[in-house]
Amino acid sequence: MSKPADVELISVTKRYGGTTAVDRITLRIKAGTYCCLLGPSGCGKTSTLRMIAGHETATEGDIRLGGAVVTDLPPARRGTSMMFQNYALFPHLTLVDNVAFSLKMRGEPKAERRRKALEMLELMQMSAYADRRPAQLSGGQQQRVALARALITGPQALLLDEPLSALDPFLKIKMRQELKRLQLDLGISFIHVTHSQEEAMALADLVVVMNEGRIEQAAPPREIFDRPATPFVAKFMGDHNVIAGRLGPDGRSVEIPDGASFAMPAADAAPAPGAPAAIAVRADRIRIGDGGEPGFGFTGLVGIVEYRGQRVQVGVTAPGIDDFSILLPEASFFGAPLKRGDAVPVHWQPSDVHVLGATPA
Amino acid sequence: MTRILSRASAYLQALPLTVILLFFLVLPIGMLLVVSFWDYDFIRMYPDFIWLNYDEVVNSAVTWRVYGNTLKYCLIVWALCLFIGFWVAYFLAFHVRTLTMQMALFLICTVPFLTSNVIRMISWVPLLGRNGLLNQTLQNMGLIDEPLEFLLFSDFAVILAMVHLFTLFMVVPIFNTMMRIDRSLIEAARDGGANGLQILWNVIIPLTKPGIAIGSIFIVTLVMGDFVTTRFMSGGQSASVGSIISNQMGLLQYPSAAANAVILLIIVLVMVGAILRFVNIRKEL
């Protein structure tokens, strides 16, 4: 195994013809980090990963791995290794030959590469199947073989393109834990592309939320969830209520189009009144009932009620506010059940108001 | 009652194909087999069971030579078609980027096959003949003094025409298998450090084998059964098994022709069997 190395993207851009898939992103992933690139489809996360891997060339900008510029190197000479979305195991080769493929390409003798491949399969607990073909394996087993194949070159960073998307929900959670354990054991960076925030929060040390080719926020998962930087991040991570409008004349409130106004702490750099402004309040911090301070609540009508097990999600609508939901503990909801059409006052604490910034240009 | 009816309906659905196969495959081959044991003279055949027809085929030096000649054509044409067909398919599948362009070029490949075999053969004559375009051009350029005789009515001409006629039968199945190769496999190979040649040898060729096998079966059966191309392009100087059979039929020696046909059928089946032993084509069908 070689030394873990930092991965650095410096103002990297990828254009396909006229469309910009990745727009000047700059990111540093420290050695030994589990990093998740998170975003909706088409946000540029896969293009970014493929540029790090060397399967796409960056239109502009540089990619560095452990201090060396690898922007123009072929994939195999970068010190990265990629695990493909559908695993891309060679269907005509046995597992041991699949894992030994890169060693064969390097011209290692047959006995030697077989021994190393078997060791790697052993590590993945797949040595019992060494002489089978990929088609005879289940999804989870295929993933382990794909991991073994990617890791046998001793990469400094492992790149995973939606590795869990082909698995059923239970297996997904199991393989997710295996990935995390493996990353901790190996100590190298894993860069993992996903569109599931749940997956990213469970796995990552560093979550990079992307949208339309740009990075919206790159931070540890707790910070991403607790203090989303932009309305996009807050909405994408879910369980946040975003109230967007214009800054009030005092600079300490958001006025939504319908005239209602919500208080917020003064922004650091005071923008002009009337500038776009947004706040987020976590859905689980909202209380039902009167008693809020002015500007920290409203009265709305109950919409959809969804039972989620530990919590119950109650949708509330009011003029100018849709897509507002409250997560109530199961016991407190069923203590005083609400039904569709009920008028309820809701409020939150001043400390729960989180000011969102604009999407970085 | 309903169960009997549903079983009957299954048989009923299978009936048309069974009838067609019986009538057009089993019956003719059965008749061929029966007639090959019959006796004959100048004017008619006599139902009989004699091994004489097979005796004549097996114990004649001429038939051995002709079978050898046919196998030689088969081998050379197969090798050339495989080489050309593989690279044409490779170009279409991996170097042409857009699907529209791929389909357009593929259709262009098939355009010559919209004309008849005979016309495509005849069109070689003005080019290759003793005073044909090629010879005249070469002579005018001063490269040769005498016209090249081997160009037409020779083994060269036969093989050229056959390759021309049959290459597409290799291109189509190979192209078809290549298009089904998951492109991420090629990326995975590149990720593992394979260069272009290594990708070709370790990934593309192994995954294209079923297509190669299907194309090879086409070529083998077409060349082994051919008699028009051989007769026409060799100017009657070379013979194939097909032309022997055709001659015997011309002389009304049907039982003898039938015996030859049965032997040819067995040889071709053995060759196809050998191809199928090496490559599993089931997943392509």
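Predicted model: local features only at pLDDT ≥ 70, side-chain atom pairs only at ≥ 80, totals over all residues.
1. Residues are numbered from 1 along each chain as its sequence is written, while chains are lettered from A and ligands numbered from 1 in the order in which they are written.

2. Chain A overall. You'll find 10 helices and 20 strands in chain A; these are DSSP runs numbered from the N terminus, helices being H or I with at least four residues and strands E with at least two. Its C-alpha atoms fill a box of roughly 75 × 45 × 35 Å along the principal axes. Of the 361 residues in chain A, 43% are buried (20 or more other C-beta atoms within 10 Å of the residue's own; 12 or fewer is exposed, in between is partly exposed, with C-beta atoms placed from the backbone). Among contacts in chain A with a separation of 6 or more, 65% join residues 24 or more positions apart; a contact puts two C-beta atoms, placed from the backbone, within 7 Å.

3. The opening pair. Helix α9 (residues 183-191) and helix α10 (residues 196-225) of chain B have axes that come within 10 Å and cross at roughly 135°. Axes are lines fitted to C-alpha atoms, for helices over the stretch in contact, with angles from 0 to 180 degrees between N-to-C directions. The two are therefore oblique to each other: under 35 degrees is roughly parallel, over 145 roughly antiparallel, 65 to 115 roughly perpendicular, and the rest oblique. Leu185(B), Ile186(B), Ala189(B) and Arg190(B) of α9(B) make the contact with Ile199(B), Asn202(B) and Val203(B) of α10(B). By class, that is five nonpolar, one polar and one charged (Ala, Val, Leu, Ile, Met, Phe, Trp, Tyr, Cys and Pro are nonpolar, Asp, Glu, Lys and Arg charged, the others, Gly among them, polar).

4. Another helix pair in chain B. The axes of α12 (residues 241-250) and α13 (residues 254-278) of chain B come within 8 Å and cross at roughly 160°, which makes α12(B) roughly antiparallel to α13(B). Here the crossing is left-handed. Residues that meet include Ile244(B) and Met249(B) in α12(B), and Ala257(B) and Leu264(B) in α13(B). The contact has eight nonpolar, three polar and no charged residues.

5. The cores. Val99(A), Ala148(A), Leu159(A), Ile191(A) and Val208(A) touch the most other members of the largest nonpolar core, which has 106 residues. A core is a set of buried Ala, Val, Leu, Ile, Met, Phe, Trp, Tyr and Cys residues joined through C-beta atoms within 7 Å. Helix α5 (residues 139-151) of chain A gives the most to this core, six residues. A second, separate core of 50 residues includes Phe166(B) and Ala213(B).

6. One residue to look up. Gly139(A) is found in helix α5 of chain A and, with 15 C-beta neighbours inside 10 Å, counts as partly exposed. Leaving aside neighbours within four places in sequence, Gly139(A) is in contact with Ala166(A), Leu167(A) and Leu171(A).

How values were computed: Left-handed = near helix turned anticlockwise from the far one by under 90°.
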